[in-house]
Amino acid sequence: MDSFRKNLLGLAALMALLAVAPLLLGNDYYLTVLTLSAINAIIVVGLNLLLGHAGQISLGHGAFYGLAAYTSAILTATLGLPVFLGGLAGVLCAGVVALAIGIPTLKLHGHYLAMATLGFGLIVYIVFNEAVGLTGGPSGFTGIPRLSLAGMELTSDLGYYYLCAGCLGLVILVALNLIDSRTGRALRALHTSEKAAQAVGVDIARYKLAVFVLSALYAGLAGVLYAHYLTFIAPASFGFLYSVELIVMVVLGGMSSIFGSVAGAFFLTALPEFLRAFENIEILLFGAILIVCMIFLPEGLAGGVRAVRARLFRRAKGAGDA
Amino acid sequence: MPESTLLRCTGLGVRFGGVQALSQVDFTAEKGRITSIIGPNGAGKTTLLNAISGMGPCDTGTILCLGQDITSAPAHLRAKNGMVRTFQNLEVFSNMSVLENVMTGCHTFVRYSFLDAVFKTPRYFSGERRVREIAEAQLAFVGLSDSAAIPAAELSFGSQRMLELARALAADPWLLILDEPAAGLNMRETKALGDLIVRMNRELGLTIVLVEHDMDLIMRISHRISVLCFGEIIAVGSPGEIQKNPKVITAYLGEDED
């Protein structure tokens with residue numbers, strides 16, 4: 001299948017880029033930025049399936065991310081479970097909560113769905129802050145163990161980065177394979193017309209729930225990777241602003257492109273770090289760059305790349321004709 | 001109920017607030033026939049189709065399909081069991097190619113699991129190949145083969161209508177419900193649509209329920225016609241009988257002053 005080969009090629013190129021990036025940027029600080037970018041990208045790939053393909057918005061994905069991070073942190077640091085088990089429980093916790101939340105909320109549409117997921121995100125955020133005995137409250141949760149694989153603790157930052165990049169590659173592959181299947185077509189169908197999707201037999205409630213849970217599992221995986229990378233988490237990382245930031249990453253990257261979303265995640269995670277140099281006007285510049293992007297790239301980074309490629313192709317063809 | 005009756009609705013009633021959109025509507029569709037529903041604007045035709053296809057409310061009455069009571073079955077299950085409809089306002093999937101639109105039609109009967117898709121198992125590839133073949137055949141049937149690869153949103157209005165038909169056909173229906181398929185088409189396109197509906201009926205053996213305003217089309221292709229007026233069935237008969245029915249003439253043209 002043609003599109004499958006194209007997807008694999010794209011993924012291979014991305015993985016090669018991610019593999020050499022830390023070698024080119026030889027600096028611990030850049031490595032941290034890259035790792036956090038990869039973690040964000042994992043959530044954004046899930047959100048892209050939910051928002052870009054199935055057309056369902058969620059302003060609560062920061063909460064799934066946080067739930068998994070805290071679950072894994074509590075199980076491993078407080079209860080002393082192996083990190084592998086804690087992480088698995090964290091991811092599952094995000095999925096189960098998404099299932100419970102999704103059944104009532106996914107009956108809502110548009111702004112109402114946004115409101116419901118926003119409310120859910122805020123409630124979870126408040127719980128993180130107030131359940132001091134469990135979460136450490138606003139001052140955060142410390143002493144989370146580093147991830148260990150087969151008894152070996154993953155101490156090197158470079159190793160951890162490659163683990164995150166590998167996870168990112170896997171979730172991208174799953175997402176791409178899914179889009180190009182009957183499941184993906186059903187999701188895209190209910191995005192444009194729920195009526196027509198039903199008319200050809202798509203159980204829209206089930207598909208909405210499934211993609212919601214899948215995107216929450218992605219967020220959960222990212223949350224676990226995050227908690228065991230920084231070994232310290234605080235509620236502020238999982239709040240409403242973070243959920244919005246994730247949406248911005250999807251939109252800026254390009255709603256209908258998985259690779260675009262990944263680019264959006266890396267761009268928006270790295271951008272504030274590079275803008276630090278401008279101290280006082282940092283936020284101002286950040287906003288201005290976003291506005292410029294949305295004016296000149298209304299279809300996101302992916303749309304911009306497509307437009308450039310189309311222009312080059314035309315020019316090449318024109319030169320060939322002449 | 002006789003073997004030949006595919007769909008039988010009895011005593012259907014739908015109320016929207018203070019408006020009784022349908023009251024005590026009886027409607028049957030015979031197997032292998034083209035049954036049309038006509039009526040002035042606001043007569044309740046689309047409300048009836050929505051009730052039949054499960055996309056709208058149905059307050060009273062029963063809907064039997066091949067003897068099975070489907071009154072409370074959700075829309076997607078009715079579609080899965082072979083009752084497929086199209087829409088008055090175009091509902092093509094604008095975020096897909098023409099071919100993918102039709103491939104989506106095969107959703108219920110070319111099945112492979114989520115995991116088959118993720119791991120690209122042989123079942124996925126054979127399923128996709130079959131879906132593609134079916135979709136290409138249906139596109140050829142409606143004459144859209146040349147447009148398979150282009151985005152559905154770029155098709156002309158008339159072609160989008162044909163695309164909807166191809167998608168419905170790909171769902172392998174035995175009952176096809178068409179809600180004003182000729183709306184917005186020019187005369188030549190309407191003629192071609194009529195021929196296509198007749199072919200679907202004769203060659204594919206489909207039972208068709210048709211709501212339409214274009215009387216030439218209705219009279220040319222229908223076997224039986226039901227006339228709805230203010231939510232009630234006022235006449236049932238062959239095209240010849242309906243054209244002569246005084247009640248129908250009154251409903252469309254109004255009563256004499258004196």
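1. For its 258 residues, a compact globule would have a radius of gyration near 18 Å, and chain B, at 19 Å, agrees with that. The radius is taken over C-alpha atoms, and the globule rule is 2.2 Å times the number of residues to the power 0.38. Along its principal axes, the C-alpha trace of chain B spans about 75 × 40 × 35 Å.

2. Some housekeeping before we go on. This is a predicted model, in which local features need pLDDT of at least 70 and side-chain atom pairs count only at pLDDT 80 or more, while totals for chains, interfaces and linings use all residues. Residues are numbered from 1 along each chain as its sequence is written, with chains lettered from A and ligands numbered from 1 in the order in which they are written.

3. Chain B holds ten helices and ten strands. Helices (H or I, at least four residues) and strands (E, at least two) are DSSP runs, numbered from the N terminus. Of the 258 residues of chain B, 45% count as buried; a residue is buried if 20 or more other C-beta atoms lie within 10 Å of its own, exposed if 12 or fewer, and partly exposed in between, with C-beta atoms placed from the backbone. Among contacts in chain B with a separation of 6 or more, 67% join residues 24 or more positions apart. Two residues are in contact if their C-beta atoms, placed from the backbone, lie within 7 Å.

4. Chain B is assigned domain 1 (1-80 + 208-258) and domain 2 (83-172), with bounds that come from an automatic or database domain assignment. The centres of these two domains of chain B, taken over C-alpha atoms, are 29 Å apart. Seven residues of domain 1 of chain B are in contact with six residues of domain 2 of chain B. On the domain 1 side, helix H1 (45-53) and helix H2 (75-80) of chain B are the elements that give two or more residues. That side divides into three nonpolar, two polar and two charged residues. Here Ala, Val, Leu, Ile, Met, Phe, Trp, Tyr, Cys and Pro count as nonpolar, Asp, Glu, Lys and Arg as charged, and the others, Gly among them, as polar.

5. Do look at the open sheet of chain B, where four strands run in the order S2-S1-S4-S5 with antiparallel pairing. Two strands pair if DSSP finds at least two bridges between them. Strand S2 (19-30) and strand S5 (68-69) of chain B are at the edges with a single partner strand each, so one side of each has no neighbour in the sheet. Strand S4 (residues 60-65) of chain B pairs with S5(B) over two bridges, in the antiparallel sense, and Leu64(B) stands opposite Asp69(B) in S5(B).

6. Two loop residues of chain B are worth a click. Leu66(B), in the loop between S4 and S5 of chain B, has a positive phi of about 50° although it is not a glycine. Leu66(B) is partly exposed, with 16 C-beta neighbours inside 10 Å. Glu180(B) is not a glycine either, and has a positive phi of about 45°. The loop that holds Glu180(B) runs between strand S7 (175-179) and helix H7 (187-202) of chain B, and Glu180(B) counts as buried, with 20 C-beta neighbours inside 10 Å.

7. Now for the meeting of the two chains: 23 residues from chain A and 27 residues from chain B take part in the contact. On the chain A side, helix H7 (157-179), helix H8 (182-192) and helix H9 (194-199) of chain A are the elements that give two or more residues. H8(A) has the largest share, eight residues. By class, the chain A side has nine nonpolar, nine polar and five charged residues.

8. Asp157(A) lies in helix H7 of chain A and is partly exposed, with 15 other C-beta atoms within 10 Å. Setting aside neighbours within four places in sequence, Asp157(A) is in contact with Asp28(A) and Leu31(A). The C-alpha atoms of Asp157(A) and Leu31(A) are 7.5 Å apart, although 126 residues separate them along the chain.

9. Asn40(A) makes a friendly last stop, in helix H2 (residues 28-53) of chain A. With 25 C-beta neighbours inside 10 Å, Asn40(A) counts as buried. Not counting residues up to four places away in sequence, Asn40(A) touches Met249(A), Ala265(A) and Thr269(A).
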